[in-house]
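Q: Please take a close look at one part of this structure, the strand pairing. Then go on to the charged side-chain pairs, giving the cut-off behind each term.

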Amino acid sequence: MKRGKLLCLSLAMILLLTACGGGTPAESAQPSASPAPSETETAQPMAFVLPCYPSGGFHPITGTNRTNLTLSPLLYRGLFSVDRQFRAQGELCESYTVSEDGLTWTFQLAAAAFSDGSPLTSAEVVSSLELARKSGRYASRLAAVSRVTAGEGAVSVALSRPNGNLPVLLDVPVVKETADPLRPLGTGPYYLEGEGDALHLTARAGAAVPLTGIPLHAIGASDDLVYAFDAREISLVDADLTGTNALGYSGRLETTDYPTSTLLYVGFNAQSGPCRDKLVRQAISCAIDRKSIAGKLLAGHAAAAALPVHPDAADFAAPPDSALEADPEQARALLSQAGWVGEDGGKLRRGRSGLELTLAVNLENTYKVSVAEALAETLDALGCTVTVSKLPWDDFLAALQRKNFDLYLGESTLTADFDLENLVGPAGVLNCGGFIDSETNALLDAWRSARGADRTAAATALHARLTEMAPVAALCFKNGSLLTQWGQVSGVQPTQRDVFAGLSGWNIAQF
């Protein structure tokens, strides 16, 4: 294998395929206390304080510090925000028009000002989008943007191919650069003040927010973040409760889950081995109990999904609930059609060959190993012989590159428009199994370019083809989790990109 190709795959997978990293279901925003306090217990005095990493910088486009990026919606706004149903909501965009061919979008800007009082202009929007096109955080989603130009109170975005749901990709923060490259100005309800470790957020005049000022608690390392929350020095933390960053959180806390576009799925080797046969892929998908995986193995911090699109997403007709449960009889019938038969519940055979499968998984993620082992047990019960290949990250990437697997357990954060080209397209960086189907490609293009009411019909046709061809078997979409100190905050409605969504409706107790 060429080292350069493996390096490219590794970089792409780091961006798109999460190696390591929430209880209430995704569709519920009601907080749950853990552990529940007694009726006589009262909350301890505490100010509302948020964490930050002063050394990490606060640029919302080029920054990489997760905790500081969590603060971004308080400081910056984009043309749009994305709600819990993955729909675009206008922010700095007042209205827009689309050319007949779907390749040119023109966005009229709303009246807004930066925190220094200067008015928002199309020049700042263009420069922010151009910066995003070159950034590690946004470049992939904006790959089809060929040109961004400024007009009088408007911005035009030209595409190399149509995307009828472009607005959900344009929640990119708009900034006004300053002499400090790590602290640009924004149009959000707060602005950042202070220096060094003495930082705080100050509400802008007229902002509809519950607090006029929010102190920031300086953090130096991830362990400090856990300690600061457990010690009640900070009020909230955004966490992945299925990942390693959830370790250590305890005490009197409330957890509010929110839906994300992070998909957990089984990928198939579509070029060699038993999974070349779509009937085998269909059978494996039928055998999976998605509700059990989401509810038990991910402790309810996930939404079971039979297709690689979130069940809460707009323009999507979710399949029946039965599609989320295991159907071993149908799985055996499909395997029988493919020629794999067994007697009295024994191992499946086709001629002299047994149905032997290798399932690759990254061993450095505990919950993924648990899911892989549960899948192996399910397939063993069907009469397959499954070997779970638990690999370090680099070896896992190498196995995917070489197609040294029959199945692999993957995780990918999809864009909010649920474009599946990277996952199942012929040149998709996550199409590790080499799936190729011209009809799927045509339906992908048709769905991507569809607008308005046409999107639902286009999605239905695409999803029917994906069910038939089974290039991947979706398992669930992970939830994010907002952890808050017990009794301090209510009315929260977090979203994937903004845990402070609906802040004007929050009730914050300042003990």
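A: In strand β8, the bridge partner of T104 is A158. Helices (H or I, at least four residues) and strands (E, at least two) are DSSP runs, numbered from the N terminus, and two strands count as paired if DSSP finds at least two bridges between them. The model is predicted: local features need pLDDT of at least 70, side-chain atom pairs count only at pLDDT 80 or more, and totals for chains, interfaces and linings use all residues. Residues are numbered from 1 along each chain as its sequence is written, and side-chain values use heavy atoms, with hydrogens and water left out.

Strand β6 (residues 104–109) and strand β8 (residues 154–159) run antiparallel and are joined by 5 bridges. Both belong to an open sheet of 4 strands with antiparallel pairing, in the order β5-β6-β8-β7. Its edge strands, β5 (93–98) and β7 (145–151), each pair on one side only. From one strand to the next, the twist averages 20 degrees. In a regular strand the side chains alternate between the two faces of the sheet.

Helix α4 (residues 122–133) lies across β6, β7 and β8, and runs at about 165 degrees to β7. Such angles run from 0 to 180 degrees between N-to-C directions, with axes fitted to C-alpha atoms, for helices over the stretch in contact; contact means heavy atoms within 4.5 Å.

Elsewhere, strand β13 (residues 253–268) pairs with β19 in the antiparallel sense over 7 bridges, and V266 stands opposite L409 in β19. Strand β17 (residues 356–362) runs parallel to β19, with 2 bridges joining them; here L359 has L407 of β19 as its bridge partner. Strand β19 (residues 407–413) is largely enclosed by the rest of the structure, because 6 of its 7 residues are buried. Buried means under 20% relative accessible area, exposed over 50%, and partly exposed in between (1.4 Å probe, protein chains only).

Now the charged pairs. A salt bridge is a side-chain nitrogen of Lys or Arg within 4 Å of a carboxyl oxygen of Asp or Glu, and by this rule the count comes to 23. One of them joins D171 to R141, the closest N and O atoms being 2.5 Å apart. D171 sits in the loop between β8 and β9 (190–195) and R141 in the loop between α4 and β7, so that the pair links distant parts of the chain, 30 residues apart. D171 is buried at 11% relative accessible area, and R141 also counts as buried, at 18%.

K291 and E325 meet in another salt bridge (3.3 Å, N to O). K291 lies in helix α7 (residues 290–297) and E325 in the loop between β14 (302–304) and α8 (328–337), so the pair ties together parts 34 residues apart in sequence. K291 is partly exposed at 32%, as is E325 at 38%.

R465 and E468 form a salt bridge with the closest N and O atoms 3.1 Å apart. Because the two are 3 residues apart in helix α13 (residues 454–469), about one helical turn separates them. R465 is buried at 12%, whereas E468 is partly exposed at 33%.
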